[in-house]
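Here is a short walk through one protein chain.

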Amino acid sequence: MSVPVYLFSGFLDSGKTTLIKDTFQDSNFMEGVAHTLLIRFEQGEVDYEEDFLKERGIDLVTLEKHDEMSAELAAFLQQDYQPNQVFIECNGMQSLEPLIAHLPNEWLIVQLLTTVDAQTFELYINAMRSVLFEQLRFSDVVICNRCREDTKAAVLRGNIKAINPRATIYYEAEFGQPATLKEGTLPFDKKAPLLDIKDDDYGLWYMDASEHPDDYEGKSIILRGKFAQELPGYKQSFIFGRQAMVCCENDTNLCGLTVTGVRIDEMNLGDWIEVEGQLTGLELDQGQKTLILKAERVQFYNPPRDEFVYFS
């Protein structure tokens, strides 16, 4: 039987231990879990109290270096503790590869989370970019904590996405609450006269436009995506969009919208195109609204390196 493994990376005092403790206190997450093995490679200001661990059936093992995790040690830990799940608090100054390479086959890495202190991020990205690269390049989730109103979300997101485009980013304030940032968390200005949505930002735009269509009605916009579907009986309209990965490349959903005012006989299904036009609202049942794009310019476009959509 596979044992789920959760890896937590980040610099010392970036919030790893607090995040782990918060997870342990989530009754929904811990429901049905009898034994948890917690492997710690560094200790910061926040600690794990003995009573806290005992109440939740958590065994704590402290190691110093990631390369101590040999196949023999991992097998011993599995045999000795028989965990239902494993949490690993990594050392942010050490490479993850030696650790990951020696995990036993039955230990399945479910998620790698990285914590980032938003107040010190610019300092670290300038002085220790190679170390941050090691922390971020495998991450599924990056939590930017200790955000303030004046925190520069664009600096955080731009640098994180440059290292790992697939990472999902969350912004949190001092005490784990969602952060409210003066500049917002969208990588584009919704008030701009012409929205030019870049490849990496399509998912965020699509999600926000789906939730707030009134904010985009009447807006001029440039989008890049695929000729995804024909509309039977229509010769000047088609479904445009990009695929969002659900769990693997064989399981995807289309994030699309209707484009009108073009000659589809000049295009083929699957063609990548850049389309510029104006968004207009279309009323649906029960007071809902969707957006369609009236094209003013369409041209072929080279596919991006990563064709899938991400939502952060």
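This is a predicted model: local features need pLDDT of at least 70, side-chain atom pairs count only at pLDDT 80 or more; totals for chains, interfaces and linings use all residues.

Residues are numbered from 1 along each chain as its sequence is written, and side-chain values use heavy atoms, with hydrogens and water left out.

The protein chain has nine helices and 13 strands. These are DSSP runs, numbered from the N terminus: helices are H or I with at least four residues, strands E with at least two. The C-alpha atoms fill a box of roughly 65 × 45 × 40 Å along the principal axes.

Take the contacts (heavy atoms within 4.5 Å). Among those with a separation of 6 or more, 71% join residues 24 or more positions apart.

Now the largest pocket. A pocket is an open set of points on a 1 Å grid over the protein atoms alone, where a 1.4 Å probe fits, with protein on both sides within 12 Å along at least five of seven lines. Lining residues have an atom within 4 Å of a point.

Which residues lie nearest the centre of the largest pocket? They are Gly15, Thr18, Leu19, Asn145 and Arg146, out of 25 lining residues. Helix H1 (16–24) and strand E6 (141–145) are the elements that give two or more residues to this lining. H1 gives the most, with five residues.
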